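Student: I have a structure open and have never looked at it before. Can you walk me through it?

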Amino acid sequence: LPLMNDLKGRSAVLYKMIVSRLLFEAALEEKLVTKEASGGEIAQATAKLQDRNFPAPPPPSEADARAYFAENKDRYAIPEHVRIGQILIAVPPEASDEVRTSAVERAKAALQRLQSGEDFAVVAAEVTDNADAKSAGGDLGFIPLIRETEIGKLFASLATGEHTGILNSSRGYEILQVTDRREAIYPEFEDVRSKIEKQIQHTE
């Protein structure tokens, strides 16, 4: 995949170079510039040729723009966010079985405290191995809720204030809590109308 992307990028650059060269030669032929012209003069001349020979499509009708907006509303929205609390029991990748067993016992003890009614932030402040979040009671702040991902599905399934069980992650063992939610914010059509019109023009 990286190789394909690299080839596509090189092809795009080569295509632009060829188009620029052809436009320059056409500008010379029409005596819009000379071979000694500056870069700015060449750019103006080739832009003039492009506008004349490849005019931009007319702006879409309001009905078309509104239909596009209705179909692509999520693209212009501020996505839904959730605020996450975390208790992390860190386990290094090269950890021994003994270390892993000890970490599991710590995670189980933390979960038991939560299930007995202790405040998540209090337990996190005492237990978590995430030094950056420890003083904030495990608070990781708000993150976008991408419902198509596995972690997004998990957060979407939790009510505010609800926490997970013990999760096995690349960092060790985690217990996560959804502490707050912000619904997605959708703009009005008029707020993004000019952006939509340009988007449609560029895809025609």
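**A first walk through the model**

Tutor: Start with Ala-131, which counts as exposed because its relative accessibility is 64%. Buried means under 20% relative accessible area, exposed over 50%, and partly exposed in between, using a 1.4 Å probe and protein chains only.

Student: Where is Ala-131?

Tutor: Ala-131 sits in helix 6, residues 131–134. Helices (H or I, at least four residues) and strands (E, at least two) are DSSP runs, numbered from the N terminus.

Student: What should I know about the model itself?

Tutor: This is a predicted model, in which local features need pLDDT of at least 70 and side-chain atom pairs count only at pLDDT 80 or more, while totals for chains, interfaces and linings use all residues. Residues are numbered from 1 along each chain as its sequence is written, and side-chain values use heavy atoms, with hydrogens and water left out.

Student: How many helices and strands does the protein chain have?

Tutor: Eight helices and four strands. Along the sequence the pattern is α-α-α-β-α-α-α-β-α-β-β-α.

Student: And how much of the protein chain counts as buried?

Tutor: Of its 204 residues, 29%.

Student: Which residues have the most contacts inside the largest nonpolar core?

Tutor: Ile-87, Ile-89 and Ile-175, in a core of 15 residues. A nonpolar core is a set of buried Ala, Val, Leu, Ile, Met, Phe, Trp, Tyr and Cys residues joined through side-chain atoms within 4.5 Å. Strand 1 (81–90), helix 4 (97–115), helix 5 (120–127) and strand 4 (172–182) each supply at least two residues of this core. Helix 4 gives the largest share, five residues.

Student: What about Arg-171, where is that?

Tutor: Arg-171 is in the loop between strand 3 (167–169) and strand 4. Its relative accessibility is 43%, so Arg-171 counts as partly exposed. Beyond four places in sequence, Arg-171 is in contact with Gln-86, Leu-88, Ile-89, Ala-90, Val-91 and Asn-130. The C-alpha atoms of Arg-171 and Ile-89 are separated by 8.0 Å, although the two residues are 82 apart along the chain.

Student: Is Glu-183 buried or exposed?

Tutor: Exposed, because its relative accessible area is 56%. Glu-183 lies in the loop between strand 4 and helix 8 (189–203). Its C-alpha atom is 6.6 Å from that of His-81, which is 102 residues away along the chain.

Student: And Glu-126, what does Glu-126 touch?

Tutor: Arg-113 and Lys-134, not counting residues up to four places away in sequence. Glu-126 lies in helix 5.

Student: Last topic. Which residues line the largest pocket?

Tutor: Among them are Asp-74, Pro-79, Arg-147, Ala-184 and Tyr-186. On a 1 Å grid over the protein atoms alone, a pocket is an open set of points where a 1.4 Å probe fits, with protein on both sides within 12 Å along at least five of seven lines; lining residues have an atom within 4 Å of a point.

Technical notes:
Contact means heavy atoms within 4.5 Å.
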